[in-house]
Amino acid sequence: MRHLMIGIALCLLIPGCSFGPSAKSRDGVIVRNGRGLVARGAPPYVKKAVAAANRIAGKPYKWGGGHGTRIDSGYDCSGATSYVLREAGLLNGSLPSKGFYRYGRRGEGDWITVWVRDGHVFLTIGGARFDAMGEDSHGGPKWFTSERSTRKFTPRRPKT
């Protein structure tokens with residue numbers, strides 16, 4: 001654990017390593033080498049969400065992926081979001097992107113926020129973005145250190 005905390009401290013000084021947008025806590029999630037690292041003080045559901053996101057990060061984009069089976073060869077945006085929330089104990093089953101308009105409660109969460117608009121959904125966990133769409137439109141789920149505009153998105157927070 002000491003090495004993780006040292007790594008987090010060093011990561012703050014390394015380009016390409018950040019807390020990302022909307023960090024609600026200094027004990028957030030940082031991204032290093034394509035993986036999310038969670039701070040020691042994070043609640044268990046956040047640690048589970050980060051571990052789940054790390055398991056599918058880098059999988060290919062697959063339309064409908066993650067909906068028919070828990071483990072899939074690829075994921076679309078709603079399949080990836082559903083997988084992470086389900087593995088963290090925050091969702092039963094899976095939802096299509098529009099289904100997330102009814103997920104949880106309105107507004108940003110303290111640790112996890114689901115950002116939804118027609119046709120797309122992504123997560124911020126401890127301020128870091130986990131998204132199945134980024135620089136390329138079919139890149140599959142991965143962590144991003146760059147911010148994304150949330151102007152046309154509706155924030156939803158899990159009921160924890």
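Accessible areas were computed by the Shrake-Rupley method with a 1.4 Å probe. On this basis, the accessible surface of the protein comes to about 8100 Å². Carbon and sulfur atoms hold 50% of that surface. The structure is a predicted model. The protein has 160 residues, and 46% of them are buried.

The protein contains 3 helices and 8 strands. Along the sequence, these elements follow the pattern α-β-β-α-α-β-β-β-β-β-β. Contacts across the sequence were also counted. Among contacts with a separation of 6 or more, 50% link residues 24 or more positions apart.

An open sheet of 6 strands was identified. The strand order is E3-E8-E4-E5-E6-E7, and the pairing is antiparallel. Strand E3 (105-106) and strand E7 (142-144) stand at the edges. Each of these two strands has a single partner strand, so one side of each is left without a neighbour in the sheet. In general, strands of a sheet pair through backbone hydrogen bonds, in a parallel or an antiparallel manner.

Aromatic side chains were examined next. The search of the whole structure returned 5 aromatic pairs. One aromatic cluster is formed by Trp115, Phe122 and Phe153. A charged side chain also lies over a ring. Arg129 sits over the face of Phe144, at 4.2 Å from the ring centre.

Asn33 lies in the loop between strand E1 (29-32) and strand E2 (35-38). Phi of Asn33 is near 55°, a positive value in a residue other than glycine. The relative accessible area of Asn33 is 74%. The cut-off for an exposed residue is over 50%. Asn33 is therefore classed as exposed.

Notes. Residues numbered from 1 in each chain as written. Predicted model: local features only at pLDDT ≥ 70, side-chain atom pairs only at ≥ 80, totals over all residues. Heavy atoms only, no water. Helix = DSSP H or I, 4+ residues; strand = E, 2+ residues; numbered from the N terminus. Buried < 20%, exposed > 50% of the residue type's maximum accessible area, 1.4 Å probe, protein only. Contact = heavy atoms within 4.5 Å. Pairing = 2+ DSSP bridges. Phe/Tyr/Trp six-rings, centres within 6.5 Å; stacked < 30°, edge-to-face > 60°. Lys NZ or Arg CZ within 6 Å of the ring centre and 35° of its normal.
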